Amino acid sequence: MRALLYVAFALLAVGIACRRQTPQAQIGHADDAVIATEPAAAPFDESTAPARPAPVVAAATPSPAADARAAPAAGLLIPVRGVSAQQLRDTFTDARSSGRVHDAIDIMAAAGTPVLAVADGSVEKLFASQRGGITLYQFNPQRTHAYYYAHLQGYAPGIAEQQVLRRGQVIGYVGATGNASADAPHLHFAVFELGPERRWWEGTAINPYPLLVAPR
Ligand SMILES: [Zn+2]
């Protein structure tokens with residue numbers, strides 16, 4: 001009986017160890033089609049990330065559990081002023097350099113166009129990265145999802161980390177910072193389901209397209 005118990009504990013320990021080793025998808029990237037050379041990596045840049053795990057994309061493989069997790073992110077405001085749902089194009093599964101997948105939507109707009117918070121929440125991180133340029137990570141109030149805005153020209157006046165955001169609030173302006181082409185300014189926008197530790201750089205990408213075009 002005691003031996004059996006030890007075996008059970010050992011199995012449990014192995015199980016925990018395996019779970020800890022499971023790599024999570026790295027977020028914090030913004031990647032566009034035209035990249036001649038990969039820039040030196042930022043700490044959370046995907047180019048330094050370990051081999052990407054098999055993508056666990058809630059939107060691509062719907063299940064009741066995934067739907068429930070995605071629920072807080074549904075019915076998002078289109079984050080670029082003046083852009084309608086009909087103008088959006090689903091670029092979530094587009095290929096990017098080094099065999100990566102876009103995992104985001106690109107919304108084309110003139111440089112300087114206001115970028116709006118897609119939902120209520122708070123500013124979790126203001127970050128500059130090689131690929132994303134000037135970026136903003138917003139968490140929803142439940143801290144289950146992150147909204148990522150990249151290639152910004154700059155932040156709106158007064159935007160700061162931990163600041164509470166209201167849906168529709170101007171957070172920044174469309175630009176072409178990072179690896180965006182200077183003649184094609186756009187907003188790179190992504191939604192991530194956060195891991196249990198609620199880190200802004202770890203999460204599972206969810207396709208923003210259906211969330212943006214959904215009636216609300
Ligand atoms: Zn993009």
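Strand β5 is largely enclosed by the rest of the structure, because eight of its eleven residues are buried.

### The overall layout

The protein contains three helices and nine strands. Along the sequence these elements come in the order α-α-β-β-β-β-β-β-β-β-β-α. Of the 216 residues in the protein, 38% are buried. Among contacts with a separation of 6 or more, 68% join residues 24 or more positions apart.

How far can you trust the coordinates? The mean pLDDT of the protein is 78, with 65% of the residues at 70 or more. Two stretches call for care. Over residues 11-24 pLDDT stays under 50, and the model has four contacts beyond four places in sequence for them. Residues 33-70 also stay under 50 in pLDDT, and for this stretch the model has 47 contacts beyond four places in sequence. Where pLDDT is low, the predicted coordinates should not be read in detail.

| Strand pair | Sense | Bridges |
|---|---|---|
| β4 and β5 | antiparallel | five bridges |
| β5 and β8 | antiparallel | six bridges |
| β5 and β7 | antiparallel | three bridges |

Gln138 has Tyr147 of β5 as its bridge partner. Tyr147 in turn has Val191 of β8 as a bridge partner. Tyr155 stands opposite Gly172 in β7.

β4 and β5 form a hairpin with five residues between the strands, and in this hairpin Arg143 takes a positive phi near 55°. Is His151 buried or exposed? His151 is buried, because 29 other C-beta atoms lie within 10 Å.

A positive phi also turns up at Ser98, with a value near 55°. Ser98 is found in the loop between α2 (64-70) and β1. Ser98 counts as exposed, because it has 11 C-beta neighbours inside 10 Å.

In soluble globular proteins, nonpolar side chains tend to be buried together. Here, the largest nonpolar core has 39 residues, and those with the most contacts inside it are Val115, Tyr148, Tyr149, Leu187, Phe189 and Phe192.

Leaving aside its neighbours within four places in sequence, Val115 is in contact with Pro79, Val80, Tyr149, Leu152, Val170, Ile171, Gly172, Tyr173, Val174 and Leu187.

### Two residues of β3

Gly121 is found in strand β3. With 24 C-beta neighbours inside 10 Å, Gly121 counts as buried. Which residues does Gly121 touch, not counting residues up to four places away in sequence? They are Gln138, Phe139, Asn140, Pro141, Tyr147 and Leu165. Gly121 and Ala146 are 25 residues apart in sequence, with 9.2 Å from C-alpha to C-alpha.

Lys125 also has its place in β3, which covers residues 121-129. Lys125 is partly exposed, because 18 other C-beta atoms lie within 10 Å, and the cut-off for a buried residue is 20 or more. Not counting residues up to four places away in sequence, Lys125 touches Tyr137, Glu161 and Trp200. The C-alpha atoms of Lys125 and Thr135 are separated by 8.3 Å, and these two residues lie ten residues apart along the chain.

Trp201 is found in the loop between β8 and β9. Trp201 is buried, with 22 other C-beta atoms within 10 Å. In sequence, Trp201 and Tyr137 are 64 residues apart, while in space they are 9.0 Å apart, C-alpha to C-alpha. Tyr137 is also one of the residues that Lys125 touches.

Conventions. Residues are numbered from 1 along each chain as its sequence is written. This is a predicted model: local features need pLDDT of at least 70, side-chain atom pairs count only at pLDDT 80 or more; totals for chains, interfaces and linings use all residues. Helices (H or I, at least four residues) and strands (E, at least two) are DSSP runs, numbered from the N terminus. A residue is buried if 20 or more other C-beta atoms lie within 10 Å of its own, exposed if 12 or fewer, and partly exposed in between; C-beta atoms are placed from the backbone. Two residues are in contact if their C-beta atoms, placed from the backbone, lie within 7 Å. A nonpolar core is a set of buried Ala, Val, Leu, Ile, Met, Phe, Trp, Tyr and Cys residues joined through C-beta atoms within 7 Å. pLDDT is the predictor's confidence in each residue, from 0 to 100. Two strands pair if DSSP finds at least two bridges between them.
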